[in-house]
Amino acid sequence: MNQDATEVGAQYIECGVRGLSQRVIQVTCDSPMKAIVVTDQAAGTAGMTLVERPEPPAAINDVVVEVHASGFVPTEIAWPSTWTDRRNRDRTPSIPGHEVAGVVTGLGYGTTGLSVGQRVFGLTDWHRDGTLAEYVAVEARNLAPLPGDVDFTVGASLPISGLTAWQGLFDHGRLQAGQSVLVHGAAGAVGSMVTQLAREFGAYVIGTGRASDRQEAHDFGAQEFVDLDNDALEDVGGVDLVFDVIGGDIQRRSAGLVRAAGTLVSVVGPTEARPADGQAVDFVVESDRAQLGEVVRRVRDGRLRTNIGNIATLDDAVAALNPTERRKGKTIIRVRP
């Protein structure tokens, strides 16, 4: 099939095709949808605006998902992919949010493995418009089936936190039973997942955070807790694995705690410090259907609890994502009732 015909096949379900000829194709998506967009990087999350945008078309191997709930990571505003495409071209106004739970409403040309009407959840591409919208186009491989007994708000809270914890502990940290793990931000969205998974796999978990996080960190399974404002981090002694979500001075001091052959795993960019006799790994989370399945299976059987703090509607998303005070847990935007 030639390229022009492929493009039409990929988008025909969601859009009307006009002006079809051998070389000229105009694909239109006239139905408007509500979406949050950003246009000003310096404004941060305060620069978010609720607007109407055309519903997205489905490219080859895509599905279109009717978004029921969306997750958002505030640091997205600092990511280059929020503002430019892979060729470094400006792509604003862009729609942020990369965690989705919803229902498949359309299939792009060549898409397999998912079907219209199926409940799904997953992680969308960093360089494409995201999930703070009524519809999103996603590569099918980035989604996994969402069981009918898992609420959409729960599904939207899992992809980044769950996959980051899983990949950091097992793909990069090579966690083994009996090892000790220092988990920074143990009461946070990612840290609470790290804590629970590490405990399940037989690790001894030391959590960190603010004093007000102590009980919550213990509730998620931390066996010890370090108040980073008042306790001496160095009193922890040696650990086999550090899971860092903070960076800076905390990361530097943590590197000195890693035992020989241990690992410092970071999700906040290239590590500024390395263990003397271990390794340092920084990584960007990737979607993985099998791992999403592992995470949601544990949620269903009670081995894993989500850490949702606030749930807001799409109309109230701008205010919800710009809180005036510290909120615990992850904010989820419920796009549909």
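1. Strands S10 (residues 180–183) and S11 (residues 204–209) pair in parallel over four bridges, pairing here needing at least two DSSP bridges between strands. Across that pair, Val-183 sits opposite Gly-207 in S11. Helices (H or I, at least four residues) and strands (E, at least two) are DSSP runs, numbered from the N terminus.

2. Before going on: this is a predicted model, where local features need pLDDT of at least 70, side-chain atom pairs count only at pLDDT 80 or more, and totals for chains, interfaces and linings use all residues. Residues are numbered from 1 along each chain as its sequence is written, and side-chain values use heavy atoms, with hydrogens and water left out.

3. The open sheet has six strands, ordered S12-S11-S10-S13-S14-S15, with parallel pairing. S12 (224–227) and S15 (279–282) are the edge strands; each has a single partner strand, so one side of each lacks a neighbour in the sheet.

4. Just after H7, Gly-302 has a positive phi of about 85°.

5. Ala-140 is in the loop between S8 (135–139) and S9 (143–145). Ala-140 counts as buried because its relative accessibility is 4% (buried: under 20% relative accessible area, 1.4 Å probe, protein chains only). Beyond neighbours within four places in sequence, its contacts include Asn-61, Thr-111 and Arg-289 (heavy atoms within 4.5 Å).

Terms used:
Buried means under 20% relative accessible area, exposed over 50%, partly exposed in between (1.4 Å probe, protein chains only).
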